[in-house]
Amino acid sequence: MKQEQGVVGRAVGAMIRRSVRRRFRNVYWRTAQPSIPAPAVLYANHHGWMDGYLMFHLAIKLDLVCIDWIEEFDTFPLFRFVGGIRYPKGDLAGRVAAVRQTIQELESGKSLVFFPEGVMHRPPSVLPFGKALATIARHVPNVTLVPVAILQEMSLHERPEAWLSVGKPHRFESLDHCRDQLVNELDRLSNDVQTGVPFDLLAAGTPSVNERMSLKRFSPKK
């Protein structure tokens with residue numbers, strides 16, 4: 001199994017990488033457990049438009065072939081070649097079909113990138129989770145749940161920077177327990193970014209103009 005399916009999948013993947021490279025200075029990450037068994041649900045907060053693109057990079061880094069629910073799938077159906085599943089807003093039958101397909105895909109060994117809040121919204125809060133995560137866990141009892149905190153910050157550089165922190169895998173207990181895991185991971189991530197804890201590079205972006213145009217590299221070395 002591959003994340004990018006065929007020529008079209010590789011083209012869509014290249015578009016995602018190009019978008020992240022152009023719009024961010026850098027994307028950083030860390031993980032509590034290097035190897036995550038499939039099937040897994042990587043569930044994350046949803047505070048930014050680029051979250052799906054960032055999770056695409058993370059899934060590949062973790063060596064997990066992931067599917068992803070997309071409300072606006074009909075706008076760009078080529079996302080199906082990188083794991084996108086149609087999850088149409090206001091279409092109950094379409095959403096039920098997406099859940100059924102997801103259960104089948106997880107049972108076959110794929111994993112799921114999931115935003116359980118259900119909507120994108122401004123930070124820093126984490127909204128209550130919808131019931132879909134519980135439904136998936138009930139039908140795929142061997143699934144591994146993994147909280148992923150995402151933080152984006154526009155501050156010290158020309159472009160924003162992003163950090164992803166992969167928490168400890170766990171089994172499903174309740175929706176409140178899952179939300180608590182994500183909130184705690186996001187709080188820890190925010191604190192560590194503010195205090196300068198080092199992270200690994202997930203995706204290189206575009207340096208700020210002062211970094212690109214700096215003449216220091218031509219200065220004589222002392």
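The structure holds one cavity of 30 Å³ or more. A cavity here is a set of points on a 1 Å grid over the protein atoms alone where a 1.4 Å probe fits but cannot get out, while a pocket is an open set with protein on both sides within 12 Å along at least five of seven lines. Lining residues have an atom within 4 Å of a point. Grid points are joined across faces, edges and corners, and a volume is the space filled by probe spheres set on those points.

Before going on, keep in mind that this is a predicted model: local features need pLDDT of at least 70, side-chain atom pairs count only at pLDDT 80 or more, and totals for chains, interfaces and linings use all residues. Residues are numbered from 1 along each chain as its sequence is written, and side-chain values use heavy atoms, with hydrogens and water left out.

Back to the largest cavity: about 30 Å³ of space lies inside. Its lining consists of K2, Q3, Q5, V65, C66, I67, G83 and K110. Sorted by class, that makes three nonpolar, three polar and two charged residues. For the classes, Ala, Val, Leu, Ile, Met, Phe, Trp, Tyr, Cys and Pro count as nonpolar, Asp, Glu, Lys and Arg as charged, and the others, Gly among them, as polar.

Now for the open spaces. The largest pocket has a volume of about 1,100 Å³. There are 37 residues in its lining, and H46, W69, I70, E71 and F115 lie nearest the centre. At least two lining residues come from each of α2 (51-61), β3 (66-70), β5 (111-114) and α4 (132-139). These names refer to DSSP runs numbered from the N terminus: helices (H or I) have at least four residues and strands (E) at least two. By class, the lining of the largest pocket divides into 22 nonpolar, eight polar and seven charged residues.

The second largest pocket has a volume of about 210 Å³. It is lined by 13 residues, with E153, L156, E161, W163 and V193 nearest its centre. Two or more of the lining residues come from each of β7 (161-166) and α5 (175-194). Seven residues of this lining are nonpolar, three polar and three charged.

Let's stay with β7 for a moment. How many of its residues are buried? Six of its six are, where buried means under 20% relative accessible area, exposed over 50%, and partly exposed in between (1.4 Å probe, protein chains only). In a regular strand the side chains alternate between the two faces of the sheet. In β7, E161, W163 and S165 point one way, and A162, L164 and V166 the other.

Strand β7 also has neighbours, and two strands pair if DSSP finds at least two bridges between them. With β1 (residues 26-31), β7 pairs in the parallel sense over five bridges, and R30 stands opposite S165. With β6 (residues 144-153), the pairing is antiparallel over six bridges, and L151 has W163 as its bridge partner.

On to the charges. Side chains of opposite charge can pair when their charged atoms come close. The model holds eight salt bridges, each a side-chain nitrogen of Lys or Arg within 4 Å of a carboxyl oxygen of Asp or Glu. Here are some of them:

| Salt bridge | Closest N and O atoms |
|---|---|
| E4 and R17 | 2.9 Å |
| R25 and E161 | 2.8 Å |
| K110 and E105 | 3.5 Å |

Why does the pair of R25 and E161 tie together parts that are 136 residues apart in sequence? Because R25 lies in the loop between α1 and β1, whereas E161 sits in strand β7. R25 is buried at 16% relative accessibility, and E161 is buried at 7%. In the E4 pair, E4 is buried at 18%, but R17 is partly exposed at 29%. K110 is buried at 16%, as is E105 at 18%. Elsewhere, D74, R86 and D91 are linked in a network of salt bridges.

S108 lies in the loop between α3 (92-107) and β5 and is partly exposed, with a relative accessible area of 47%. S108 and A38 are 70 residues apart in sequence and 9.5 Å apart in space, C-alpha to C-alpha.
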